[in-house]
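Please look over the sequence and the structure shown below before reading on. The report then takes up one part after another.

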Amino acid sequence: MFGFVLRRLAVVIPTFLGITLLAFALIHMIPGDPVLLLVGERNLDPEFYKAAMHRLGLDQPLYLQYWHYLSGLLQGDLGTSIRTHEPVVKEFFTLFPATVELSLAAMLFATPLGLVAGVVAATRRGTVVDHGVMGAALTGYSMPIFWWGLMLIMLFSVHLGWTPVSGRIALEYDIEAKTGFMLIDTLLSDEEGAFLSALHHLVLPAIVLGTIPLAVIARMTRSAMLEVLREDYIRTARAKGLSRLRIIVVHALRNALMPVVTVIGLQVGTLLAGAVLTETIFSWPGVGKWLIDAIGQRDYPSVQGGILLIGTMIILVNLLVDVLYGVINPRIRHAR
Amino acid sequence: MHTPLRTFTLATALLLGAGSAFAAGKTLIYCSEGSPAGFDPARYTAGTDMDASAETVFNRLVEFERGSTQIRPGLAEKWDISSDGLTYTFTLRRGVKFHTTPNFKPTRDFNADDVVFSFQRLIDKNHPFNKAAPAEYPYVTDMGMDSNIVAVEKVDANTVRFKLKAVDAAFLQNLAMSFASIQSSEYADSLLKSGKAAQINAQPVGTGPFVFKSYQKDSNIRFDGNKDYWRKGEVQLDKLIFAITPDASVRYQKLQKGECHIMSFPKPADLKAMQGNAALTVPNQAGFNVGFLAYNVKHKPLDQLAVRQALDMAINKKAIIDAVYQGAGQPATNPMPPTQWSYNKKLKDPAFDVAKAKSLLAKAGVKEGTEITLWAMPVQRPYNPNAKLMAEMIQADWAKIGIKAKIVTYEWGEYLKRGKGGEHDSMLVGWNGDNGDPDNWLGVNLGCSAVGGNNYAQWCQKEFNDLIVKARTINNQAERSKMYEKAQEIFKQEVPWTTIAHSTVYQPMRKEVQGFKISPFNLMSFYGVSLK
């Protein structure tokens with residue numbers, strides 16, 4: 001087992017280096033620079049430009065800039081944001097909990113619903129129910145998130161008045177960010193009603209962000225279930241006279257879960273990176289929106305640091321999934 | 001499928017009781033468009049940054065009247081200008097208190113030391129504070145203040161003297177701009193001593209109408225009304241909250257639902273619905289901006305006046321204003337908006353005339369099918385909400401007179417840089433007024449010294465330039481006004497630009513909001529504002 005983890009870790013190091021190089025190269029390839037964007041339509045004083053570029057170290061050759069960046073990284077320094085003058089790590093980890101909270105809520109919404117929908121569709125294969133569920137899943141999968149979010153806001157927030165339009169909590173609560181997770185912070189604070197308000201604000205964004213994973217999980221569960229339902233041991237179970245529910249839940253679903261778990265693991269990456277639109281619509285202060293702003297401002301250290309950190313999270317999640325596979329299925333552990 | 005759905009609906013229904021509209025009495029919520037980059041106004045140029053600091057936390061020596069480009073006394077009670085126009089002596093207001101925050105307790109009132117610190121930091125690159133917290137001050141350089149201010153001296157505790165190298169008629173107007181906000185030197189010293197100089201950009205301390213309380217990036221900024229504010233009666237709110245809401249449609253939904261009282265930058269497409277909503281009011285004002293098409297007079301055939309005139313009169317401005325500004329704009333005739341003093345009301349646009357344009361081109365020897373580049377901005381700006389569409393419309397207009405326009409665009413920073421270098425034949429761009437001085441339109445965008453800079457037409461005309469250079473050195477407004485009016489006449493005859501439009505600024509807010517005034521500078525100010 002230990003050897004297996006070591007082998008996986010050895011692969012992580014070049015991946016990690018690759019991410020730094022790619023992030024660095026990509027953001028420097030986009031034309032324009034932060035000083036030009038800061039000045040905008042204003043007059044660009046050549047002296048000012050030179051001094052600013054020098055202070056930011058952007059007048060050095062690219063390979064040197066990359067080298068400085070890497071040596072900073074080795075000392076745990078991801079640099080300082082050009083725009084806000086704050087350390088990148090600090091900005092990232094101030095915003096990251098909001099993204100994680102939203103992503104978890106979205107998965108909490110998508111996973112059970114997706115599983116149930118998939119199982120129902122598989123067991124009623126070819127019927128109206130199956131077509132209905134799969135049609136809905138396809139629609140959900142191809143829904144433009146921006147439009148979907150606005151529609152839900154218009155219906156549930158403005159028309160019906162059930163949910164707030166955007167934000168993480170009603171503004172009458174001024175909650176100190178102890179953990180950054182609003183649900184936990186509100187519980188830690190003494191403010192009455194704060195937790196409910198936070199939960200209330202989480203509902204719509206979680207549904208919007210969870211829509212695509214929900215569709216993916218439903219489709220995956222259905223196909224995995226259909227495969228398992230054809231297996232001999234299911235026929236045996238039926239022949240034994242087991243109840244339909246027992247066959248589906250205990251024998252079929254459990255065996256169908258393996259590919260579904262893989263898909264759920266993959267969705268974590270999608271959620272972390274793909275929360276941008278949801279965060280923009282719902283004014284959710286997460287890393288997706290922050291990263292997009294940083295790209296727009298050519299805030300090189302923030303973009304590089306942000307991509308690296310998100311990349312690291314995804315690598316870690318994948319590593320964890322790999323290790324878990326090893327634990328669940330010894331055949332994988334021993335494969336070279 | 002049924003069960004989880006029902007559970008979910010039930011859960012939603014259970015949550016309905018939890019907070020919706022804001023209850024507290026005098027708390028105004030402003031749905032703003034984005035997070036400020038920081039709270040030190042001198043470091044930035046965007047309105048989003050200024051609203052959150054200069055307009056709330058800080059004061060300046062002189063300030064703009066609310067909703068106007070006229071200046072009024074601020075932290076300086078009065079001032080005296082020497083007869084040569086090179087020395088400004090400011091008498092400072094007494095008894096003004098800096099904010100008390102968890103990080104700073106002032107031990108004294110505002111005085112000359114604060115003014116000296118605030119400006120020394122901006123003009124002296126080697127100032128100890130700049131060593132500890134390195135930053136750029138783009139506006140100071142842009143307005144030429146770092147080179148023109150020779151000295152900022154403390155005469156006594158309540159008098160400060162500025163010495164200039166050259167006469168600058170717009171000097172006072174410049175001091176009213178956000179970047180010239182007055183910082184506390186006592187606070188700066190304490191930050192320096194504790195090695196936390198960078199905090200000046202995160203924990204602002206000023207003398208302004210609102211006291212900074214907290215900021216959560218991409219979420220909200222909280223201020224308390226300054227109960228000790230020196231302008232009695234101007235602070236009528238207990239609390240002010242910026243709810244950062246990047247999407248314009250969502251801002252509108254929040255406004256409708258009462259989750260905020262006032263919002264920034266509405267979408268033109270939403271205006272009709274807003275005006276029909278009984279809970280809202282949408283006052284508007286001509287924007288303090290101009291969108292234009294600059295002709296590069298150094299490129300052939302645009303070096304010929306007749307060609308520029310022909311291109312100018314072939315553009316159907318009315319159609320552009322309807323389609324691009326969706327009605328939220330008015331045709332521009334002059335290179336400055338009508339609300340700027342010295343605006344020349346007598347000038348008229350030439351009539352839209354395709355036949356005459358054709359004959360002008362023929363006389364100038366321009367062959368049919370001549371190709372010129374037409375640059376379109378890649379971004380949306382208040383003065384031009386859709387440059388691509390505008391370029392396509394101009395392209396179609398010019399096709400009718402036999403000119404083939406090739407639309408070109410670049411990334412925004414690159415676009416401006418290349419434009420300043422004069423790589424274009426014609427280029428869509430624009431300007432937002434900074435300080436309400438005519439020179440900020442004519443000098444900055446059309447003066448000879450701006451060629452290679454903001455003079456995108458690369459136009460250097462002696463008579464025009466002499467006028468604006470001279471006007472800069474005169475302190476008498478009536479006299480200056482005449483010179484600028486004359487300069488606008490020359491501009492109109494020479495056609496270095498086709499002036500296209502001044503956009504109209506719409507300000508949606510709930511009817512409870514009282515006393516809000518639209519700023520010509522696109523700033524959001526909440527002093528003097530109350531809630532019914």
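How many degrees do the axes of helix 5 of chain A and helix 9 of chain A cross at, and within how many Å do they come? The axes come within 5 Å and cross at roughly 35 degrees. The sections below give the setting for that answer.

## The model and its numbering

This is a predicted model, in which local features need pLDDT of at least 70 and side-chain atom pairs count only at pLDDT 80 or more, while totals for chains, interfaces and linings use all residues. Residues are numbered from 1 along each chain as its sequence is written, and chains are lettered from A and ligands numbered from 1 in the order in which they are written.

## Chain A as a whole

Chain A holds 14 helices and zero strands, where helices (H or I, at least four residues) and strands (E, at least two) are DSSP runs numbered from the N terminus. Its C-alpha atoms fill a box of roughly 85 × 60 × 40 Å, taken along the principal axes.

Of the 336 residues in chain A, 39% are buried; a residue is buried if 20 or more other C-beta atoms, placed from the backbone, lie within 10 Å of its own, exposed if 12 or fewer, and partly exposed in between. Among the contacts in chain A with a separation of 6 or more, 72% join residues 24 or more positions apart, a contact being two residues whose C-beta atoms, placed from the backbone, lie within 7 Å.

Two packed helices are described by the angle between their axes and the distance between the axes. Here axes are lines fitted to C-alpha atoms, for helices over the stretch in contact, and angles run from 0 to 180 degrees between N-to-C directions.

The axes of helix 5 (residues 88-123) and helix 6 (residues 128-142) of chain A come within 8 Å and cross at roughly 140 degrees, which makes helix 5 of chain A oblique to helix 6 of chain A. Angles under 35 degrees count as roughly parallel, over 145 as roughly antiparallel, 65 to 115 as roughly perpendicular and the rest as oblique. This crossing is left-handed, and A:Ala117, A:Val120 and A:Ala121 in helix 5 meet residues of helix 6 that include A:Val133 and A:Ala137.

## A residue within helix 5

A:Ser103 lies in helix 5 of chain A and is buried, because 24 other C-beta atoms lie within 10 Å. Leaving aside residues up to four places away in sequence, A:Ser103 touches A:Leu209, A:Leu271, A:Leu272 and A:Ala275. The C-alpha atoms of A:Ser103 and A:Leu271 are separated by 5.9 Å, although these residues are 168 residues apart along the chain.

## Chain B and the contact between chains

The contact takes 57 residues from chain B and 57 residues from chain A. On the side of chain B that touches chain A, the residues divide into 26 nonpolar, 18 polar and 13 charged.

Elsewhere in the description of chain B, helix 16 (residues 439-446) is mostly covered, with eight of its eight residues buried. These buried residues pack against strand 18 (426-432), helix 17 (462-472) and helix 18 (477-494) of chain B.

Terms used: Left-handed = near helix turned anticlockwise from the far one by under 90°. Nonpolar A, V, L, I, M, F, W, Y, C, P; charged D, E, K, R; others polar.
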